[in-house]
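Hi,

Here is the structure I promised to send over.

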Amino acid sequence: MANDNQYLETLYPSWGQQFVMDKVLFEVNTGHQHLVIFDNAQWGTVMALDGVIQTTEKDEFVYHEMMVHVPMLSHGEAKKVLIIGGGDGGILREVLKHPSVQTVTQVEIDQQVIDMCIKYLPNHSAGAYNNPKANIVIADGVDFVNECTEKFDVIISDSTDPMGPGEVLFTSRFYQGIKNCLEDDGVFVAQNGVSFMQTSEVTTTFKRLSPLFTEASFYCGAVPTYVGGIMTFAWATDNLALKNVSLETIEARFEAANISTRFYTPAVHKGSFALPHYVMEAIK
Ligand code: SAM
């Protein structure tokens, strides 16, 4: 955690990344989690929750583009989108770039994360929280999806790691709730950790999603400040066509949407479903 001007990530007990905190902009125990936002010469403004790096100005685009454009361009005509978590606003910003989107509901447990990220990381949400298509709900995501009567075309769980308030977002109860509020031809994606370091979480998610969806799998992307190798994103759907949409179709949809990206490309999209052997072994 934070001491002197060093921030030591505590996600792993015997190894982790360390940041020089050139300036601490905000630090509080919100009642849900410990929140700190600080400036770092390498990564710009950085936000961490409960000892885990959540997002940085410099590399946030990698994660937010892969979490949003892979499911959205696989689906192709998502009108209603649900985001769980995502308090920094990066997912919301990217979802709203898609012309097909009519409404985005975001369910975030911690209002202070939203407020402080708007203040200290304004480019993450980039005004998205004021978009009339955005419906922000302050609630626990597991309760929302189990009580929700609406259906969504794409659901994105941009949660913290399975600890603290985020733990419930990796349970069968949460995934059952997702199943309840996902359209039959829709797709659910979720951040599922760095697979080399959190392999058991990949296995556990696969075991919990498989009984509920025709297809439970993963795709991946390398996010620099999620240290330890490629990050795996959970993928769950009853619509087997989505993962197999052709490169040409993805390219046509990407061009038609006229979205500018810095990491995502249609070729990266298709390639992201190619998983390393150790991940394939983990989800046998
Ligand atoms: N990109 C980060 C990652 O991959 O670790 C996640 C970023 S985002 C800041 C994580 C968000 O999940 C936070 O805003 C946190 O407040 C929210 N969150 C944690 N548990 C939650 C829950 N049970 N319901 C809704 N939001 C939750």
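Let me start with helix α3, whose buried residues pack against β4, β5, β6, β9 (103–108), α4 (122–125) and β10 (134–138). Keep in mind that this is a predicted model. The helix covers residues 111–120, and its buried residues are Val113, Ile114, Met116 and Cys117. At the start of α3, Asp110 brings a side-chain oxygen to within 3.1 Å of the backbone nitrogen of Gln112.

Next, the domains. The chain splits into domain 1 (2–54) and domain 2 (60–282), and their C-alpha centres are 24 Å apart. Across the boundary, 22 residues of domain 1 are in contact with 21 residues of domain 2. The two domains bury about 2,000 Å² between them, with 69% of that coming from carbon and sulfur atoms. Within the share that domain 1 buries against domain 2, Tyr12, His32 and Gln54 supply 24%, more than any other three residues.

What about polar links between the domains? There are zero salt bridges between domain 1 and domain 2, but seven residue pairs are in polar contact there. On the side of domain 1 that touches domain 2, β4 (23–29), β5 (34–40), β6 (44–49) and β7 (52–56) each supply at least two residues. That side is made up of 14 nonpolar, six polar and two charged residues.

On to the salt bridges, of which the structure holds eight.

- Lys80 and Glu150 meet at 2.7 Å, N to O. The pair links distant parts of the chain, 70 residues apart: Lys80 is in strand β8 (residues 80–85), while Glu150 is in the loop between α5 (141–147) and β11 (152–158). Lys80 is partly exposed at 27% relative accessibility, and Glu150 is also partly exposed, at 31%.
- Lys179 and Asp238 meet at 2.3 Å, N to O. Lys179 sits in helix α6 (residues 172–180) and Asp238 in the loop between β14 (231–237) and α8 (247–257), 59 residues apart. Lys179 counts as partly exposed at 25% relative accessibility, as does Asp238 at 31%.
- Glu94 and Arg93 meet at 2.9 Å, N to O, and both residues are buried.

Glu94 and Arg93 also belong to one network with Glu60 and Lys97, joined by salt bridges that share partners.

Cheers

Definitions and conventions. Residues numbered from 1 in each chain as written. Predicted model: local features only at pLDDT ≥ 70, side-chain atom pairs only at ≥ 80, totals over all residues. Heavy atoms only, no water. Domains from an automatic or database assignment. Contact = heavy atoms within 4.5 Å. Buried area = accessible area lost by both parts, 1.4 Å probe. Salt bridge = Lys/Arg side-chain N within 4 Å of Asp/Glu carboxyl O. Polar contact = N/O pair within 3.5 Å; in protein donor to acceptor, adjacent residues only side chain to side chain. Helix = DSSP H or I, 4+ residues; strand = E, 2+ residues; numbered from the N terminus. Nonpolar A, V, L, I, M, F, W, Y, C, P; charged D, E, K, R; others polar. Buried < 20%, exposed > 50% of the residue type's maximum accessible area, 1.4 Å probe, protein only.
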